[in-house]
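Open your viewer and get ready to select residues by number. This tour tells you what to pick next and what is there.

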Amino acid sequence: MSAALIDAEPGPIAIDPARTALIVIDMQRDFMEPGGFGETLGNDVSLLRSAVEPIKALLAGARELGMLVIHTREGHRPDMADAPPAKVARGAPSMRIGDVGPMGRILIRGEPGHEIIPELAPVPGELIVDKPGKGAFYATDLQLVLVNRAIDTLIVCGVTTEVCVHTTVREGNDRGFRCVVPADCCASYFPEFHETALRMVCAQGGIFGWVSDSGRILSALS
Ligand code: C5J
């Protein structure tokens, strides 16, 4: 299909689906399920569930159109060589990164907790970007992948809104990508942070990008 006009804040944005990537951030068991990284930090992981069905719908629409779909996972090498000591030492969690929990070692690649939840599992051909930080561009090949595919627009969703989604949007915006955030496809352990983070994206004429939702994006793409 040619250009699609998405209703969004602060105003509509025309996208070319062939030059748009859907980036699903960190929908991993470690953030979504009891016993993972998110819960060790004292969070109620059930607050993130609201994003699952809207992301599933957006994924289905993107797959139908043949859009580029990229999933990210936050985590570290088993030897933790890429885990900054300052990150591992941070706070007073019940278990630290690398400790053994009910879903294997916390936030470590290859462990069950590091996997994307089954409802949103990547299908063959979709890219997975493993990242050691909060932003999906930092210490990954994401920018190279996007440039090689002539992508100019990113639809960025996942968890959590104010941490990894926001960091990725900021990184993408600085690299010249137009970033659209579907509000209902993001979630936070802190609902007030979710709301504020979304407002920050589209304030000041869209200082970091656009905010829309799965329904408006899917109707533009249909
Ligand atoms: C966090 C993330 N919240 N994926 N990671 O530590 O947002």
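Select Pro10, which is found in the loop between β1 (4-6) and β2 (13-15). Helices (H or I, at least four residues) and strands (E, at least two) are DSSP runs, numbered from the N terminus. A cis peptide bond joins Glu9 and Pro10, with omega at about 10 degrees. Most residues other than glycine have a negative phi, and most peptide bonds are trans.

Two notes before you move on. Residues are numbered from 1 along each chain as its sequence is written. This is a predicted model, where local features need pLDDT of at least 70, side-chain atom pairs count only at pLDDT 80 or more, and totals for chains, interfaces and linings use all residues.

**Strand β3**

Select residues 20-25, strand β3. How many of its residues are buried? Six of the six are, so β3 is largely enclosed by the rest of the structure. Buried means that 20 or more other C-beta atoms lie within 10 Å of the residue's own; exposed means 12 or fewer, and partly exposed is in between, with C-beta atoms placed from the backbone.

Show the side chains. Thr20, Leu22 and Val24 point one way from β3. Ala21, Ile23 and Ile25 point the other way.

Now click on Ile25 in β3. Ile25 counts as buried because it has 32 C-beta neighbours inside 10 Å.

Two strands pair if DSSP finds at least two bridges between them. Find Thr20 and look across to Thr153 in β8, which stands opposite.

β4 and β3 pair in the parallel sense over five bridges. Leu22 stands opposite Val69 in β4, and Ile23 stands opposite Ile70. Six of the seven residues of β4 are buried, so this strand too is largely enclosed by the rest of the structure.

His71 stands opposite Ile128 in β7.

Then pick His76, in the loop between β4 and α4 (85-89). With 23 C-beta neighbours inside 10 Å, His76 counts as buried. Its C-alpha atom is 7.7 Å from that of Lys131, 55 residues away along the chain.

**Around the ligand**

Which residues are around the ligand? Select Asp26, Phe31, Glu74, Lys134, Val159, Thr160, Val163 and Cys164. Each has its C-beta atom, placed from the backbone, within 6 Å of the ligand. This shell divides into four nonpolar, one polar and three charged residues. Ala, Val, Leu, Ile, Met, Phe, Trp, Tyr, Cys and Pro count as nonpolar, Asp, Glu, Lys and Arg as charged, and the others, Gly among them, as polar.

Zoom in on Asp26, in the loop between β3 and α1. Its phi is near 55 degrees, a positive value in a residue other than glycine. Asp26 counts as buried because it has 26 C-beta neighbours inside 10 Å.

Move to Thr160, in the loop between β8 and α6. A cis peptide bond joins Val159 and Thr160, and omega is about -10 degrees.

Go to Ala150, in the loop between α5 (142-148) and β8. Phi of Ala150 is near 55 degrees, again a positive value in a residue other than glycine. Is Ala150 buried or exposed? Ala150 counts as exposed, because it has 9 C-beta neighbours inside 10 Å.

Select helix α6, residues 161-174. Its 14 residues reach 18 Å from first C-alpha to last, close to the 20 Å expected at 1.5 Å a residue. The expected span is 1.5 Å times one less than the number of residues. Ten of the 14 residues of α6 are buried, including Val163, Cys164 and His166.

Last, select helix α7, residues 191-206. The end C-alpha atoms of α7 are 21 Å apart, which agrees with the 22 Å that its 16 residues should span. Colour His194, Ala197, Leu198, Val201 and Cys202: these are the buried residues of α7. An α-helix has 3.6 residues a turn, so residues three or four places apart point the same way.
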